Amino acid sequence: GTSVLPALREADRSGLTSSVRIHLARVYGMLGDASVADLMLGRLDDPSPDVRAEACRALGRLEVASAAPKLRPLLKDGTPRVRERAAEALGRAGDREAVETLAGMLVDRTGQPSLVRAAAADALGFLDLAASRAALVAALRDVDARVRRAAVSGLARLTKGVDRCYDPDASMPEREGAVRAWEVWLAEQAG
């Protein structure tokens, strides 16, 4: 695993193509060694959106909480894949300061593609705060099944596996009873 890090760091210099930088970021994330966090933080400013996305992904896998201040601005990146990976990384890093922005991304049907909205829901599932829970319960009524799947997955993570018989792929009338059960749960959490 990490015995290859010195060789990778030696090879990881300026002048590398974006393809090589992407693959290096992917490998660093898979190795799971937090000592590469500094390299990945530097890659968040890379001109290539694919490199930025892979750097976010690596930082998410490493769960680097100190990366949050550099990840938050990427929630507004012009490339959806970068926003998606930044959201995932912030959730895994436990960044409570990102909750409001993530909740806003989740409901933004016109400005955010479903993959970004689903990533925001997934991230909120790592952040057990009232605003996270409320946003996830509201997303159970979303028109996009991908977003609904991520919302129920996030709620299951927050509740240690409770699903309240919610099927994100069922029709809205079939889902409604489970959504109401989640709303009761949410009210109990607030009270």
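A residue is called buried when its relative accessible area is under 20%, exposed when over 50%, and partly exposed in between (1.4 Å probe, protein chains only). Helices (H or I, at least four residues) and strands (E, at least two) are DSSP runs, numbered from the N terminus.

**Basis of the model**

The model is predicted: local features need pLDDT of at least 70, side-chain atom pairs count only at pLDDT 80 or more, and totals for chains, interfaces and linings use all residues. Residues are numbered from 1 along each chain as its sequence is written, and side-chain values use heavy atoms, with hydrogens and water left out.

**Overall architecture**

The protein contains eleven helices and zero strands. Its radius of gyration, taken over C-alpha atoms, is 18 Å, close to the 16 Å that the globule rule gives for 191 residues, so the protein is as compact as a globular protein of that length; the rule is 2.2 Å times the number of residues to the power 0.38. Along the principal axes, the C-alpha atoms fill a box of roughly 55 × 30 × 25 Å.

Of the 191 residues, 49% are buried. Contact here means heavy atoms within 4.5 Å. Among contacts between residues at least 6 apart in sequence, 58% join residues at least 24 apart.

A nonpolar core is a set of buried Ala, Val, Leu, Ile, Met, Phe, Trp, Tyr and Cys residues joined through side-chain atoms within 4.5 Å. The largest such core has 57 residues, and those with the most contacts inside it are L44, L59, L71, L102, L106, L124 and L140. Helix 8 (residues 114–124) gives the most to this core, with seven residues.

Nine of the eleven residues of helix 8 are buried, among them R117, D122 and L124. The buried residues of this helix pack against helix 6 (80–92), helix 7 (99–107), helix 9 and helix 10.

**The buried aspartate D142**

D142 lies in the loop between helix 9 (130–139) and helix 10 (145–158). This residue counts as buried because its relative accessibility is 4%. Its side chain forms a polar contact of 3.4 Å with that of R109. A polar contact is a pair of N or O atoms within 3.5 Å; within protein, one must be able to donate a hydrogen and the other to accept it, and residues adjacent in sequence count only if both atoms are side-chain atoms.

Not counting residues up to four places away in sequence, D142 touches L106, R109, R117, V147, R148 and R175. Of these, L106 is listed with the most-contacted residues of the largest core, and R117 is one of the buried residues of helix 8.
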